[in-house]
Amino acid sequence: MSHNSFGHLFRVTTWGESHGSAIGCVVDGCPPLIPLTEADIQGFMDRRKPGQSRFTTQRREADEVKILSGVMIDEDGTQKTTGTPVSLMVENTDQRSKDYSKIKDRFRPGHADFTYDAKYGIRDYRGGGRSSARETAMRVAAGAVARKVVQGVSIRGALVQVGPHRIDRGNWNWDEVDRNPFFSPDAEAAALWADYLDDVRKAGSSVGAVIEVVAEGVPAGWGAPVYGKLDTDLAAAMMSINAVKGVEVGNGFEAASLSGEDNADEIRMDNAGRPKFLSNNSGGVLGGISNGDPLVVRFAVKPTSSILTERMSITRQGEEVDVRTTGRHDPCVGIRAVPVGEAMMACVLADHFLRHRGQVG
């Protein structure tokens, strides 16, 4: 299997399977002399790890990250990057492969079982193997390194919709994101989602979600035409996350219903004599290049495909069967996708920062 890497100058390769002994990643292109310890990464890993509330899978993984290479203690006593590949690893400790034995030869509807088998002639039925969202833990680890590369940039994500229930943007408060298990910026929405997801979970069903990621402090000029657009890479990065079925930047699909007058981001000069956009319909990107406004990206996550209700499917031999997926699963996989979306934003921005510096100095 190829295509396990993304990025250009800041390049990330992930490896490992859901029920293997470990998962890991290699970050190639991280500049030297950046202070980096396992503690710098662990906080972000803890936000994504499973089993933290009744609304996520009860698989218990500590997700303790280890730095295997690419750092050393500098003369000042601080551990710093050396400019060589940074290798990171997390051990898997709570696999239950037997939970999947009944579907060894059965394709789960909505999963990648059939397509992996069609392409490779083999699939890892133990939790989905390489197609499992377990892989995203290492994207979060890589994203923590990326944040150190673009330290002047603030990257924050939030859950803005669960099933049909959206937040009230008038209640948006970034401080609320860390006060509830949903990463919701709206405390009232979080309370509603708790009751709603309790019913979904008890029914053995699942629902989708929408996540919004915002990056502030990105200067004008990152990104490149025509095939190196910043929004192109952001969209590809978000779409690569498990279960994502749609991505939009700025107004996104809503822009199709607006007039040119309403959608245009007018410009004036601020008190410091710098250009100031009076709105941010573009989501901080024009012509594939950042304009200095906050980058705003949203992505839609489909309902978790593993549900207790029997669905029609087939076996590898072509026999028609009904499949009921057991095991431990998220009733809304979008919840833990919030730190993953932040990480992908960080990796793309680190890459574009280095590409911008390499081209224009």
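A residue is termed buried when its relative accessible area is under 20%, exposed when over 50%, and partly exposed in between, with a 1.4 Å probe and protein chains only. Helices (H or I, at least four residues) and strands (E, at least two) are DSSP runs numbered from the N terminus. The structure is a predicted model, in which local features need pLDDT of at least 70 and side-chain atom pairs count only at pLDDT 80 or more, while totals for chains, interfaces and linings use all residues. Residues are numbered from 1 along each chain as its sequence is written, and side-chain values use heavy atoms, with hydrogens and water left out.

Strand 8 (residues 154–162) has seven of its nine residues buried and is therefore largely enclosed by the rest of the structure. Two strands are taken to pair if DSSP finds at least two bridges between them. Strand 8 runs antiparallel to strand 10 (residues 209–216), to which it is joined by eight bridges; within this pairing, G157 stands opposite V213. Strand 8 is also joined to strand 9 (residues 165–166), again antiparallel, by two bridges, and V162 has H165 as its bridge partner. Strands 8 and 9 form a hairpin with two residues between them, and G163 in the turn has a positive phi of about 55°.

These strands belong to an open, antiparallel sheet of five strands in the order 9-8-10-16-11. Strand 9 and strand 11 (244–249) stand at its edges with a single partner strand each, so one side of each lacks a neighbour in the sheet. Helix 4 (residues 187–202) packs on this sheet, touching strands 8 and 9 (contact: heavy atoms within 4.5 Å). The direction of helix 4 makes about 55° with that of strand 8, where axes are lines fitted to C-alpha atoms, for helices over the stretch in contact, and angles run from 0 to 180 degrees between N-to-C directions. Strand 10 is joined to strand 16 (residues 295–301) by seven bridges in antiparallel fashion, with A209 opposite V301.

F299 is in contact, beyond its neighbours within four places in sequence, with residues including A209, V213 and G341. F299 is also among the residues with the most contacts inside the largest nonpolar core, which has 77 residues. Such a core is a set of buried Ala, Val, Leu, Ile, Met, Phe, Trp, Tyr and Cys residues joined through side-chain atoms within 4.5 Å.

A further open sheet of five strands has the order 1-2-3-7-4 with antiparallel pairing. Strand 4 is joined to strand 7 (residues 86–91) by four bridges, and K66 has M89 as its bridge partner.
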